[in-house]
Amino acid sequence: MQELSADAARRIALGAQGFADRRPVAPTRRHLLSTVRRTGLLQIDSVSVAIRAHYMPVFSRIGGYDRALLDSASWRDTAAKPRALVEYWAHEAALIPVEDWPLLRWRMRRFEGGRWAGVHRVLERNPSLGADVLDVITEVGAASAGDVERHLELEVRERGGPWWGRSDTKVVCEQLFSAGALSVDKRVGFVRHYDLAERVLPPSVVDTRVEEVAAVRELVRRSARALGVGTEADLRDYYRLAAGQARSAIADLVEDGALIPVAVRGWDAQAYLFAGARMPRSISGSALLCPFDPVVFFRPRAQRIFDFHYRLEIYTPQHKRVHGYYVFPFLLDGRLVARVDLKADRAADGLRVAAAFVEPGHAPGPVASALATALREMADWLGLADVIVGDRGDLAAQLAQCT
């Protein structure tokens, strides 16, 4: 069996994610779509303390692009520039290439009976609500859950509890989206506006049927391409596949030669190398990674590849947080060397660094200098005048001197 060093595996993984490529001088829609097709997905998250999660991985790879390019690729459809990305449950809620939507139809079929237990309670209260929602959207076109409620002249049930403030209509809209009957035509103020899937997606996509085994096999292949090298758990997590699904697909891909079993020194599990993966001689440059970047969103993989213990502390009480509320790992020359708690402080017109920490074994001076440059680039991209460094963390003082 082929053996890889841990360093080689790390370079392969980062190369697969685009970190071995030269950044374009003036990023275009083509660069953006090439990046998304390489990563396979952009996870969507509602937290906006620094920047919405789906925008950041593109910036991390190609630099200061116009975020309107991603908006138009995802939520605008014209003859000149057809919709290129669409929302669905991939890793979690994510933007995926439009052509990948049929690969997740098996998941939509599973969700037809309800993605959440709470859906059943909603429909027991109002058995006709699903049909009513579809009728309204069929008639009026793309609409938010609030728009649908107004058309139906519904009295919104009291919000609160485990549904995070969702009304019955919102729950049903989300269920119909999960089942593939609805898709997301656009977002306004980050609010989803749903439309019939056949009006959001081209007929060639909606009409495509892929049998579940073949679809899962292709999803695992795409996971392997995006990861470069990974364990079964890595390949499974990328599109949140079940263990049985992934094992069968991996076995088929190994037999076909698309995956090559390898041993990675220091890893405690069998690894698989994507047959087309590059092994860059080195990884240079720097990048700030949001908590939902594919390089780090599967925390066990981040630990395995980078020896980087990473946990999102949003839901941790403030006095118990170790590193901060919304912490970005900092990638420098192929290593995760620091982490910073960031906030876009519009009132102060600055990118605020609430805390900064250097990872063990890395010299603070060079890390602080490179990090200061990366933070300045991010602030410029966000249209913020300053980088404001607080005093928390063992890297804060040196970072402040560099900004």
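**A strand and its surroundings**

Modeller: Five of the six residues of strand β6 (residues 191–196) are buried, so β6 is largely enclosed by the rest of the structure. Buried means under 20% relative accessible area, exposed means over 50%, and partly exposed is in between, with a 1.4 Å probe and protein chains only.

Biologist: How should I read the numbers and the model?
Modeller: This is a predicted model, where local features need pLDDT of at least 70, side-chain atom pairs count only at pLDDT 80 or more, and totals for chains, interfaces and linings use all residues. Residues are numbered from 1 along each chain as its sequence is written, and side-chain values use heavy atoms, with hydrogens and water left out.

Biologist: How many bridges join β5 to β6?
Modeller: Six, and the two strands run antiparallel. Strands here are DSSP runs of E with at least two residues, helices are runs of H or I with at least four, and numbering starts at the N terminus. Two strands pair if DSSP finds at least two bridges between them.

Biologist: Which residue stands opposite L196 in β6?
Modeller: L182 does.

Biologist: And what sits in the hairpin of β5 and β6?
Modeller: Two residues lie between the strands, and G189 takes a positive phi near 60 degrees in this hairpin.

Biologist: New topic. What is the strand order in the open sheet?
Modeller: The order is β2-β4-β3, three strands with antiparallel pairing. The edge strands are β2 (42–43) and β3 (85–89), each pairing on one side only.

Biologist: What holds strands of a sheet together?
Modeller: Strands of a sheet pair through backbone hydrogen bonds, either parallel or antiparallel.

Biologist: How many bridges do β2 and β4 share?
Modeller: Two, in the antiparallel sense, with β4 covering residues 93–97. Q43 stands opposite A94 in β4.

Biologist: Salt bridges next. How many does the structure hold?
Modeller: It holds 30. A salt bridge is a side-chain nitrogen of Lys or Arg within 4 Å of a carboxyl oxygen of Asp or Glu.

Biologist: Which residue does R335 meet?
Modeller: R335 meets D7, at 3.8 Å from N to O. R335 lies in strand β12 (residues 335–345) and D7 in helix α1 (residues 6–16), so the pair ties together parts that are 328 residues apart in sequence.

Biologist: How accessible are those two?
Modeller: R335 is partly exposed, with a relative accessible area of 40%. D7 also counts as partly exposed, at 32%.

Biologist: What about E87?
Modeller: The side chains of E87 and R187 meet in a salt bridge, 2.8 Å from N to O. E87 is in strand β3 and R187 in strand β5 (residues 182–188), so to speak distant parts of the chain, 100 residues apart.

Biologist: Are E87 and R187 buried or exposed?
Modeller: Both are buried.

Biologist: And which partner does R125 have?
Modeller: R125 pairs with D168, the closest N and O atoms being 2.7 Å apart. R125 lies in helix α6 (residues 117–125) and D168 in helix α9 (residues 168–178), so the pair ties together parts 43 residues apart in sequence. R125 is partly exposed at 42% relative accessible area, whereas D168 counts as buried at 14%.

Biologist: Last one. What comes just after α16?
Modeller: G383, with a positive phi of about 75 degrees.
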